[in-house]
Amino acid sequence: MEILEVKQLMAERAEEVAAMLLPAGRKAGREWEVGSVDGEQGRSLKVCIEGSKRGRWSDFSTGESGDLLDLWQKTRGLSLADAMKQAKQHLGINDPKFEQYTSGKSYRRPQPPKAARKAEINSPVHQYLTGRGLTAETIAAFRIGEAAEVGPFDGWKYDKPMRGPWIVLPSFRAGELVACKYLHVQRKDGKKFTLVEPGCQPVLFGWQAVPDNCRVIVLTEGEIDAMTMHQYGFPALSVPFGGGKAGKQQWIETEFPHLERFEEIILALDQDEEGQRAVEEIINRLGRHRCRIAALPLKDANECLQQGVSAEQMAEIVSKAASLDPSELKAPTVWTDAVIEEFYPPGGEPPGFLLPWKMRKRPVRFQRGEVTILTGMNGHGKTLVLLQIMIAAMSQGERVCIGSFEIHPRKTLYRMARQALGKELPERAEVRGCLEWFDSKLWIFDVLGTASTARILEVFNYAYRRYGVTSFVIDSLLKCGINSEDYPAQKKFLDQLNDFVNETNTHVILIAHARKGQDETTPPGKFDVKGSGDITDLASNVWSFWRNKLKEADLLKLEAGETIKLTRHELERTPDALLQCFKARDDRNEEGKIGLFFHRWSLQYHQFHDQRPVEYCLIDQSPQPVASDVIDLDAEEVTQ
């Protein structure tokens, strides 16, 4: 698993990771506070554990900052690779092993020439390299050596040493010499003369000059080009066998796990046919999502240096490195980890929230990355039941944004306070405590009337990115500025909502009214949703809410002394409402019905007729930051 995925998983468990790394710290609102990376008590170092920046930390006394992997390195004194290894173990990530496919081939350790030594100033090797624009500091950083003669080696076809002067190009990993290559100072017919010590592991050249905490690496086609990019200011490695495909890039199998720690891999290979063939092969193997191609103005990096391309110009070239299209075409293995998470979700359950009621004694989960349609007849209580669902979601850790464009926010919060507290007339202090409980969990899209689809998506994006909101409510489609007969616009909006939930891994619930039927005695289904058929076709889930007006009529008859088919005992045990699923795209859920009983004083719906109201919020919790601390004028409709 690559670094980007590890970072994301760590961020999702930011509080847990921060508490583990800095146990002397304490939670303060949305942050974990401690004195410094050394772990003493204090408030100088803060780790964001909630919101769009969760997983980021800053030490305001030193100016240091970073993500949770940086923090892991700092607190434990590890290299980035070792920090990643420990973090993956903590997260329970086990990289796949395909032992049945290993070749069993063993590699030998290189045997540098006995006469090999450090390249000295004014030697032929030193003059050759400085003549190509490299500095003494660069030569030393890569531990370049020189030798008067090379060979013979075990398994080598030559039985006599070959005279130099030779440039010794060692390949180290973790301080150990694993391969060695030799470049002759003199050229024959203008062509380079190189020797590779046989039997050694195919590895990238230049690890000895790559910082431990480096997360971006440049790949070149030659050792001198890697040294050149290093001199330009970019950590760089060189492929061992030049351009081309297939066997030329066999180093990938060996180096693949060592490249996991890089968030970006910049390919600055030669600008010829062989170089570009290698680019295609490398990108396919290492992943298009993190590989970018630098378009060098000359054949290779060293030629750029010799022709006077400045460090500023090279920095601009690297910054403009582009990915290789088409990015839409991917192999199934790109999703290997994601598919495994479908079977074994982090934390044991898929991201999302459970309904406060069960269907056939099984929990029902609203999952991330889905759009749900809730339909029903006018006046049947769709909004009220949905508010209770969102309160239950908040009690499970979801952050919610509600756009109730038909009801004033004051009325929405009044209803939600009654539902959350389970009381008809709570004390003033209880109401304040309830709204404090809502704080940092609930945001209101403050528009009463019509909101354009563009503005809805803009505000939702803002709420997700800034506040980490994961569940959104639109009440209703009639208030989204779309004509009820404009079916193409309705389809476009559903497409946009699906794009939004897929990009942000969130959930949107859209209330869509049902068409008027002959009467109110039959619950509406998915074919009764008013508007285009695309509304339900494009949704992941379709639910209907129906109020049992038949029961209400029978109760009135009983009160008037009239006779009905059921006894009072039977009537009391007949549900007051029906919540029904007509479509569930994810096979973890199923279609079916949930009978509900309405508790008038708490405005709650229960699954049992004699169930007591649920107290969803705990008003004795420490107060969270109030809305005035976090409101941003860029999205004035999002309020708390």
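Me: Which residues lie nearest the centre of the second largest pocket, and how many residues line that pocket?

Reply: This is a predicted model, in which local features need pLDDT of at least 70, side-chain atom pairs count only at pLDDT 80 or more, and totals for chains, interfaces and linings use all residues. Residues are numbered from 1 along each chain as its sequence is written, and side-chain values use heavy atoms, without hydrogens and water. The second largest pocket is lined by 32 residues, and Arg547, Glu552, Asp576, Phe598 and Arg600 lie nearest its centre. On a 1 Å grid over the protein atoms alone, a pocket is an open set of points with protein on both sides within 12 Å along at least five of seven lines, and lining residues have an atom within 4 Å of a point.

Me: What gives the most to the lining of the second largest pocket?

Reply: H19 does, with five residues. Helix H19 covers 549–559; a helix is a DSSP run (H or I) of at least four residues, numbered from the N terminus.

Me: Why is H14 called roughly perpendicular to H15?

Reply: Helix H14 (residues 409–421) and helix H15 (residues 428–438) pack at an angle of about 100°, with axes 10 Å apart. Axes are lines fitted to C-alpha atoms over the stretch in contact, and angles run from 0 to 180 degrees between N-to-C directions. Angles of 65 to 115 degrees count as roughly perpendicular, and therefore H14 is roughly perpendicular to H15.

Me: Which residues of H14 meet H15?

Reply: Leu413, Met416, Ala417, Ala420 and Leu421 in H14 meet Glu430, Val431, Cys434 and Phe438 in H15, where contact means heavy atoms within 4.5 Å.

Definitions and conventions:
Helices (H or I, at least four residues) and strands (E, at least two) are DSSP runs, numbered from the N terminus. Angles under 35 degrees count as roughly parallel, over 145 as roughly antiparallel, 65 to 115 as roughly perpendicular and the rest as oblique. On a 1 Å grid over the protein atoms alone, a cavity is a set of points where a 1.4 Å probe fits but cannot get out, and a pocket is an open set with protein on both sides within 12 Å along at least five of seven lines; lining residues have an atom within 4 Å of a point.
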